[in-house]
Each structure stands twice: as C-alpha cells, then as structure tokens.
Amino acid sequence: MSKIHITTTVNGDPAEFLASPGMTLLDALRDELGLTGAKEGCGSGDCGACSVMLDGRLVCSCLVLAPEVEGCRVETIEGMAQGGQLHPLQQKFLEHAALQCGFCTPGLLVAAKALLDAHPDPTEVEARYWLAGNLCRCTGYDKIIRAVMDAAAELRQERAA
Amino acid sequence: MSETLDKPTVLNVVGTRPIRPDGADKVTGRATYGADYNMPGQLVGRILRSPHAHARIVSIDASRARALPGVKAVVTSADFPDLASEMHDGGEAASNLRDLSLNVMARGKVLYDGHAVAAVAAVSAAVAEEALSRIKVIYETLPHVIDVEPAMSPDAPVLHDHMFTEGLETPPTTASNIAKRHKNVRGDVDAAFATADVIVEDRYVTQAVHQGYIEPQACVAAWAEDGRCEVWSSSQGQFMVRTYCAKVLGLEISDIRVTPAEIGGGFGGKTTVYLEPVALALSRASGHPVKMVMTREDVFRATGPTSGAVMHVKLGALSDGTITAATVELKFQAGAFPGSPVGAACMTALACYDIANFTIVGWDVVTNTPKTAAYRAPGAPIAAFAVESAVDDLARKLGMDPIALREKNAVRDGTKAAYGPTFQNIGYLETLAAIRDSDHYKSPLKPNQGRGVAVGFWFNVGGESTAAIHISEDGSAAVVTGNPDIGGSRASMAMMAAETLGVPVERVRPMIGDTASIGYSMLTGGSRTTFATGMAVVQAAEKVILDLRQRVAKLWEVSVDHVVWRMGQAECIDPAKPDKKPMTLAALAAQSGRTGGPISAQVTLNAQGAGPGFAVHVCDLEVDPETGHTSVVRYTAAQDVGRAIHPSYVEGQIQGGVAQGVGWALNEAYIFDRDGRMENAGFLDYRMPVASDLPMLDTIMIEVPNPKHPFGAKGVGEVPIVPPLAAVANAMRGAIGLRMSSLPLSPPAVLAALDSRKG
C-alpha cells in the first residue's frame, strides 16, 4: 500500500513525513519524527501516556490516524519547555516529586497543561476528573494533584503580575 | 591504618528534598525507556501466542511465513536448548530455569492463553503481523483449570506429568497440580483453641491481579557474527537479564552485555524475562538487531500477575484480647509453573503478632493462567487480607478497639517472629500509636461511611551490590551503581554520596551502569536498593575519603590520623602543624595527578541486616447504597521507614502502594471465560485507580533507625501495599455491617451484599 505524504506543524515547526494509511499519530511522532516523549502504554486510549494537543484539543495520539493531522497543529511534551526554561508545570512536578518511574509523566503534563489553559483556577475535584484519563501506577496521584494545583496558583500569579 | 571517619552529627543532605537528578529528562520526554531505543538496521519482532488455555502442540508449520518477502527469521522452541531443571536465585525469588525457558517459548504444550509458541522478525510490523497469521499451529486442546481449589482436586487436568507435591510427610506417587506444601507450626494449637474464650473464622478469596506498570516490556537485541550480544531493555535488573538470556539460550555470560533502559514501572513484574531471549534468538537467526515491544494485551495475557487465592483463617483469643491460637491455610495460584509467593505469604501472615500457638499451611498450585511474577511484597497483601479481616472480626466480637487489640498482641524488640528470627529495632508499636493518635482516627464518620484499620509486614532484603565513585578534576563525583532506578533511587544514591563526601548534592551525578561497566548487583527488588546499594555507595565514598586523607597526610607530612575530613575538606588536627590550611575536594581533585593519580573507589558487598517494614493503615469508605459504588474518602498510612533519605520519595512509595492496594481491593481482577481465555486484557476492563477515584493519601513516617545502615534506612517500597486490601475490606464491614470476604469489592458485589442484608 502506498504511503501518504503528510505536512503538519509540530511544536511550531513545519514537519512532513510519509505515513501508511493505518499509521497512528503516536507511531508517526515516535518512529517518523523521532519524538519519543509520547509513550504507548495501551494503544487503546485508556492510559493517556500518548497525550498530545491536536489543534488545541487534548487527544490520545494512539487513537488518531497520522493522515488525519495533515495541515494541523500538533503539540507534544517536547515543546513544553521554552528557551531552555521548564514550564511551571514541569518545575512543580519536580519540586513536588510528582513522578516516580516517569513513564506517564509526559502525558500527564500535556493533559495538565490543557487543563490549566482551559481552566486556570480548577478545584481539586476538577483536576482529578480532568486527569482521570491519565493512568499513573506509581504515585497514587497525590503529589501529581498537588503539583498541578501549585502550578495553577503560580501561573495565575504570573498572569496577574 | 585508621579507618575512623568523622560521621556528620548533623545531616545536611539526608532528610532534605532536593530535585531528583534525572528529573529534567523525565519531565521533558527526553528520558529513554525500553521502547525509545533503536539500533540501525533493526527488524521488528512479534510473538505468536496460544489461543488455548491448555493444549498439546501437534505441529508448527512456518513455511508460509518464511516465504513472505521481508520475513527474516522465525523461531520456535526448536531454536532454544531443552534445559534441565535447575533453580536460580535471582534476588526477589528463586526461579527454575527450565520453567523460565518453557515460559519464554512453549515446548510440546501450551499452558495458558497467551503462551508464546513462535516468533518472527521482519522488516516492518505489518510484515511481521502478516507472517504470524501464516504460521500454522495444530493444537490438540486439553481440559484446563483456572481456579486454585479446582486445580487441587484429584480429578483436575494435570499440567505437568512430572510434578509431584513437595513438602508432604508421605511423598505422593501420582502427579498433581500441587507443587509444594509449606508448613510452619508453633505450640499446641488445638489445646489453645479448646481454652479460647472467643473464636472467629472465615474463608477468604482473592483474584489474580496485575502489577499494572504503564510501560509494556520492550527490548532491542543484537547478535554479532563473533557471538557477542548486546541487549538494551527495560527491566528491574540488567544482570538478571544477562543471566537469564545466557541460561535460556545456552550462551556464555561474557558474551552478553545488557544496558538498562529507563524503566516505566515494574513493581516486581520486571524481575524476569519474556522478550529478551526471543529477540536474541531472532537476531541470531536473522543476522540483524531485533526490537520487540509488547502490546498491553500481551502484558496482561503473558506477564505477571500475582496469585489468586483461597484462604481459611481461624483465630482464638482470651476475653482480655490475648490471641492464643491461629490456624491459617493459604492456597495460591502459581500460574502455569510452580512458584507462587505462598511461601512468603506463610512467613508474613502472622508476622505482626506474638502468638504462642499456630499452624500455617500454604499450597503452591499450578493453573492454566500466566506464570505469576513478583508483585510488591509478593504474597503478603493476600495473606494480610485474610488475617487482618479476621483480626477485625475478633476485635468486634471482643468489643475491643482494633488498634488496642493489635497493640496487645504486637511483636516488639525481642519477640521471636512467627517465621523464625528475633525482631530488633522495629518501629511497629510507634506506628500503631501514630494511627491511634491521628486526627483521622479520632474523626467522626458520616452516614454510609465505614472505617477500617489493618497492619502489614514485609521483610525487606539486602544482598549483593556494587557501587563506584569517580571524582572529576573539578571535585564533582560520578556515582555508578548497577540498580535500575524505578522510583527515584538515583536521588537517594546521590544524596548519600553527597552527605558522606560533604559536597552539595548537585555536585554528584548518579549513573546506572551496563553489565560491563559496573560490578554485579542483584536486581532492584525486595526494597533493597536504598539500603544495600546505598550502603555500597556510602562505603565507596568513605574509601574515597580515606584515600584523600592519605594523600593529604603525605603532602602535609603528618600522620593520616591527624587529617580529618569535615564538610568536604581535609583539615589538619596535628598540634605541631597549626599552619596547614584546609584543602577542599575540588583542590585535591585538581592536583590528583601529583598525589597518586585519579581519585576513584569501588565497593562490592553483600549487605546484611535489612530492617523489616511495618505499616498501619486507616481507611474511610463511603458506599452508595443505590449502586454499590464505593469511594475512598480518607486514607492515612503510617510506616516505620528507618530513616527517610528523601522524604518525598518515601511518601511517594507509601502513596503508590496504597493506590495499588485500593485498586486490588475494589476493582482489579483477572476475568476468564469458560475456555480459560482472559476476558479483560486491557485498561478499560481491567480497572486500575485513576485520579478521580482517590483522595489525597496522607502519610506518617516513623523513623526508628536501622543501625545496620549508615543513615538508618529501611526498605520502604513494598510494605505499603500489604495493609490496604484489609483496610478497605474492614472499612466496608463498618459501612455496610457485613463482612465481605471475597475480593474485589466491586459495585455488583457490594450491591449483592446489600441485597442479602435486606433479605
């Protein structure tokens, strides 16, 4: 089966690759573009380890076909730190020890950023439900939620300043 | 030669909460896990798995697969040596190498749905999958057995014709599925029950559950023409992978180098191999590197889980609460090959209690389910579910507070443990008191809520470890160990080295070496790394300091006893040489060429004296009487941690163990259809806790130092999963007024219990 030429934008930069019709966005990112920050934990949209932003919407990249991203904007964990500076969420994850093995962390950070972009002042319950699509087996979520709430507070302060 | 070292009386690094040294890599997606690594020219490897729970393999015809363009190799059990039975102690649990080999690739029979029967290597995943569909396997299906009690029945289908039960007074003459009986007896249990004032007993059931690490197993293996092999894989021990690959393939250890990838969770499930020997065999057959990554379905069907169990517990007590008699019988599913954690379950079952008379019997039983693998305190949570439920019922019958009952019967320093040794330096009573005195325990409950208490024990181990410290010319230190960092151990290694050397933790870079770059270390398991490997790190740092003092003594022309190491520098305490200015590590490192060459030290040890872990948990549940849905509304876990090197990561271990235990109690279970096929091999149907399922998980760290560790550390990673099953079940008992003795306490089960209450 012949491959399809895809032109897209990844983390603000133009990107192109060849995809077979059945290739997932996750496989395209990892195998064609060398962006291995998004992880495959299940391949069925249940664990969230492959979370990326597609035209500003949080998606499981294992459930998106690569040819679907023609002309779209894709943002991945690799684009979260800017100019050598960690995003406040990344910094708070480190300060709160919100990761152990770190495998779910990229997906959780992408999902948490989507939360704070949409809802800068979430309640703990809102944060827990927003992140319910991201499985973490190491932490019990306590420190993740604390990190997200702390980052939210810091971002609100930054905006107010 | 003096070995004295001024131990810092005030700790500057240990007990603080620095940012982990591998943190930036892990929040940016840069860290390289098993599936993130690629070799030039690699092929894709895929495994064909049995669709039957139990069948004889009549024939395997791979000719149509081999003929497919792009297929580079097909292997079956014919490509692996037929090993003799041989036990190998890998650290967490001993394994029979023949069984390991048969689990990696079935020979003659398949023993569970998902058992590997063949593997292919091809130029792409699509070609590899097409090739799998072209392999023709003819099976003669056999009757199968999934649950433990039916598997013990004399008319059960027998998995292994050669297996005769070990541990019986009279050796059996017929093969059965019972691999082994464990028995541990103290005193006269019948006489004690006869004089007991109060007796409780019940039957308890748990289902098989999976470790549930988010990263599926993954590896890349390359076999060179000269026979040298390279393996890159995600595991809990690169040396374990090397040994098992050598044994399963009949290779020399020296021909294999294993490089540890970052590991995306293991919880015991990555203490064995599934893919690596297959990838090596495919690489040998094809002449190319081969990459293999499991799907989540593969992970559920063919790796892990831990045992489902059926248990019986009977307790007898005097009216003052003294438990005088206990009988515990534990029947554990081992999966397709012997080796369930029932032995450890027997040893831990009564480890928190000082009981004069008991009988503990354990049965290790093979079943047509995946071979069980270690899962966090293997066996202990299952036994604790039964025993702690029974103790809770006993407290109710006696009218005693559940903590007071446990305090009355608690082991303490000097108590001979039910499993043999005499406890020393344990913090169990302090941990009980911490929960008793907590705000949580004193707080009132709302309607439909219940509170449960449970305790747990885990041995923790030490064992063989290697650590090396290399001082750079600027005085910074590289700390190299052989233990994969599964939950933040790089941070604790760096902190212990920094504390000992007297340098800031940021000046220490902890690394995990491949099998050719650092000496042997047992795998990361048994809660051993911070204790045992940490001890090696501290001793290596002490060796560096002694070397530095000797060099300075020569420079200053004083006795080495007159050079002390304080706060990262050498100081002269010779009264005859008051003019000697202190020399920092950086200054000494800069001129190491003139004082004897590079500064470096390595220590190997077999650490003894790991302090056992005790945990006391309290859980509040709220049950929705309409739906049977259960919410954990409050949870507090207290634990004796010895000394928390990095308190945040100790808290994290406790919280993670609680979450896994809550999932085990409320929802997780392997479900098989009538043909013995797993019905819920995915995260949608195998329901692990998500963020909205849990409240904040409060922790209380009790620090009763372990004198055998330089900073007092005890293993912390495993014991937090021991109490939650029973803590949840006891809270359920409180909430609905009925004892539910079969896990999981899922909404349909709770609803059925509520209905039975009405009826």
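# Strands, helices, domains and chain contact

Student: How many bridges join strand 20 (residues 477-481) of chain B to strand 21 of chain B?

Tutor: Helices (H or I, at least four residues) and strands (E, at least two) are DSSP runs numbered from the N terminus, and two strands pair if DSSP finds at least two bridges between them. Strand 20 and strand 21 of chain B run parallel, and V480(B) has M511(B) in strand 21 as its bridge partner. The number of bridges joining these strands is five.

Student: What kind of model is this?

Tutor: Residues are numbered from 1 along each chain as its sequence is written, while chains are lettered from A and ligands numbered from 1 in the order in which they are written. Local features need pLDDT of at least 70, side-chain atom pairs count only at pLDDT 80 or more, and totals for chains, interfaces and linings use all residues, in what is a predicted model.

Student: Which are the edge strands of the open sheet in chain B?

Tutor: Four strands of chain B form this open sheet with mixed pairing, in the order 21-20-19-25. An edge strand here pairs on one side only. The edge strands are therefore strand 21 (508-512) and strand 25 (600-607) of chain B.

Student: At about what angle does helix 16 of chain B run to strand 25 of chain B?

Tutor: Helix 16 of chain B lies across strand 19 (463-471), strand 20 and strand 25, where contact means C-beta atoms, placed from the backbone, within 7 Å. Axes are lines fitted to C-alpha atoms, for helices over the stretch in contact, and angles run from 0 to 180 degrees between N-to-C directions. On that basis, helix 16 runs to strand 25 of chain B at about 145°.

Student: How many of the 28 residues of helix 16 of chain B are buried?

Tutor: A residue is buried if 20 or more other C-beta atoms lie within 10 Å of its own, exposed if 12 or fewer, and partly exposed in between, with C-beta atoms placed from the backbone. Helix 16 of chain B is mostly covered. Its buried residues number 20.

Student: Which helix gives the most to the side of domain 1 of chain B that touches domain 2 of chain B?

Tutor: By an automatic or database domain assignment, chain B is divided into domain 1 (23-31 + 462-607) and domain 2 (379-460 + 611-758). The contact joins 14 residues of domain 1 to 17 residues of domain 2 of chain B. Helix 15 and helix 16 (529-556) of chain B each supply at least two residues of the domain 1 side. The one that gives the most, with five residues, is helix 16 of chain B.

Student: How many nonpolar residues has the side of chain A that touches chain B?

Tutor: The contact takes 42 residues from chain A and 42 residues from chain B, and helix 2 (88-95) of chain A gives the most to the chain A side, with four residues. Ala, Val, Leu, Ile, Met, Phe, Trp, Tyr, Cys and Pro count as nonpolar, Asp, Glu, Lys and Arg as charged, and the others, Gly among them, as polar. Beside 11 polar and nine charged residues, the nonpolar residues on this side number 22.

Student: How far apart do the C-alpha centres of domain 1 and domain 2 of chain A lie?

Tutor: The domain assignment of chain A gives domain 1 (4-79) and domain 2 (88-160). In contact are 13 residues of domain 1 and 11 residues of domain 2 of chain A. Their C-alpha centres lie apart by 22 Å.

Definitions and conventions: Contact = placed C-beta atoms within 7 Å.
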